[in-house]
Amino acid sequence: MYGWKALLRHHLSHGRSLRNLSDDKASRLVGIDRSKLHSPHVKKTKAGAAESMVAHLTQRIQYRNALTVADYMRECLTNPHHGYYMKKEVFGRTGDFTTAPEISQVFGESLGIWILKTFAAITSVHKPKGFRIVELGPGRGTLMRDISRIIKSVTPTVFRNLEIQFMEVSPKLKEVQKATMGAYAHESLGLHWFENLSQIPEPDGMATIYIAQEFFDALAVHQFQKTDKGWCERMIDVQVDPNGEFPFRYVLSRGATAASTVYKALLPAGVEEVEISPDAYGIAQTLGSFIGASDGLGACLVVDYGKLGPIEASLRAVKDHKIEPALLSPGEADLSVDVDFGLLSRGFREGGGKHVDVHGPISQRELLHSLGGVEKAYMLAESAESESQKAAVLKSYERLSSPDQMGDIYKAIAVTHSDVPTPVAF
Ligand SMILES: C[S@@+](CC[C@H](N)C(=O)[O-])C[C@H]1O[C@@H](n2cnc3c(N)ncnc32)[C@H](O)[C@@H]1O
């Protein structure tokens, strides 16, 4: 079993997870069932948005087979009709969770300084024809707005020659990003949107920095378990218990699956359970290949929660700022996982070969402190209009950087071309 109670406790300090669901509910989450994968007994669906996703998934399972955890995540988050990110604004106090850029502008401004210093490191050895930032999964666009503000005020020349690209799958969030960027969208060389990496221009002489802040944790994972039949895969089937609280349940495949066979080389030795994201690994490989082929002009910064890996089983849902079991409300809650920085680093290295260096992970606290986060927070507090605002500014920075809040559990890695000096903070 997974030790979900421990997992829930562990995640209480996450920015995206504020309160715990009852341990009783959580303990029923992972019932590994070795009965038949496909069950003809389907819990009846009612009308309404959540049920539409339930109905869709139920049909998919009935007509094909149990879903992999990865398929379940993709459907729940990015299905064009019912996917969680596709239809509504999900961030902030009125949404389901809050991310670092939404907590304090100090976060975005600090990353803006990292970007400027990395552009400076690149131009110390190469002559780019312009500057570009590509952000993967920009959410509300708050991070890029704060980055744009700092770049424009510190080095207006870089800002005038800056192109911004967003990789975003959600049409709703694209609208929000456009509104958040406001005038910044037009003052630079321009702002462009892409839906996936295959649409993003390959290295073309521009100094290009890829930013992925809380992006990789939203990518689909497979969960595998070692049995006497070798690696089996955890799947998601329809509920058969008429009193079952959730519309779906976990089952274990009877033997190897397509994914356990195809991704065998990614499965670590010496563990009984593992959760891996081939999607995250594949994106890291592609970015690594871009940076490797960039003639010294490419770099990447990843910030997310996770560890060097391997990760056992971390999938959870977050709704109304509380952690929920992942199977409770498909399409109505955010789903996320801990990022395996070891696997991600491997992807970057394999993509870029000897031309890329991977730095870190370092903690978010170290990253922000090295970039002058404390000073920025105090300066911001100085300009606050009241004592309570001042206290709020300092408290927000503490939330981002304190080891018992987001400071340690969130980590950063940087990837640079091997021609370029080690980036600031690493
Ligand atoms: C957890 S949010 C993080 C938002 C933002 N980076 C922040 O920190 O506030 C994940 C973002 O990634 C986007 N996203 C999720 N899966 C994606 C995918 N497969 N391709 C592109 N964007 C994706 C979501 O729409 C959303 O903008």
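Thanks for coming, everyone. Two housekeeping points. Residue numbers start from 1 along each chain as its sequence is written. The model is predicted, and local features need pLDDT of at least 70, side-chain atom pairs count only at pLDDT 80 or more, and totals for chains, interfaces and linings use all residues.

Let's begin with the whole chain. The protein chain has 17 helices and 16 strands; these are DSSP runs numbered from the N terminus, with helices being H or I of at least four residues and strands being E of at least two. Of its 426 residues, 49% count as buried. Buried here is 20 or more other C-beta atoms within 10 Å of a residue's own, exposed is 12 or fewer, and partly exposed is in between, with C-beta atoms placed from the backbone. As for contacts, meaning C-beta atoms placed from the backbone that lie within 7 Å, take those between residues at least 6 apart in sequence: 78% of them join residues at least 24 apart.

Now the interior. In soluble globular proteins, nonpolar side chains tend to be buried together. In this model the largest nonpolar core has 113 residues, and those with the most contacts inside it are Met 73, Ile 115, Cys 300, Leu 301, Val 302, Leu 344 and Val 415. By nonpolar core I mean a set of buried Ala, Val, Leu, Ile, Met, Phe, Trp, Tyr and Cys residues joined through C-beta atoms within 7 Å. Helix H7, residues 105-123, gives the largest share of this core, 10 residues. At least three core residues come from each of domain 1 (4-91 + 220-276) and domain 2 (100-218 + 283-312 + 336-417), with the bounds taken from an automatic or database domain assignment. If you click on Val 415 and leave aside neighbours within four places in sequence, its contacts are Gly 288, Ile 291, Ala 299, Cys 300, Phe 348, Val 356 and Val 358.

On to the strands, where pairing needs at least two DSSP bridges between two strands. How many residues of strand S2 (131-136) are buried? The count is 6 of 6. Phe 131, Ile 133 and Glu 135 lie on one side, with Arg 132, Val 134 and Leu 136 on the other. S2 pairs in parallel with strand S3 (162-167) over 6 bridges, and Leu 136 stands opposite Met 167 there. Strand S5 (207-213) is also parallel to S2, joined by 6 bridges, with Val 134 opposite Tyr 210.

Strand S8 (residues 248-252) has 4 of its 5 residues buried, so it is largely enclosed by the rest of the structure.

Strand S11 (316-319) is joined to S12 by 3 bridges, and Ala 317 stands opposite Glu 324.

Last stop, the ligand. It is surrounded by 20 residues, the closest being Tyr 85, Thr 99, Gly 137, Gly 139 and Val 169; the cut-off is a C-beta atom, placed from the backbone, within 6 Å. Helices H4 (69-78) and H6 (100-103) each supply at least two shell residues, and H6 gives the largest share, 3 residues.

That's my tour, thank you!

How values were computed: Contact = placed C-beta atoms within 7 Å.
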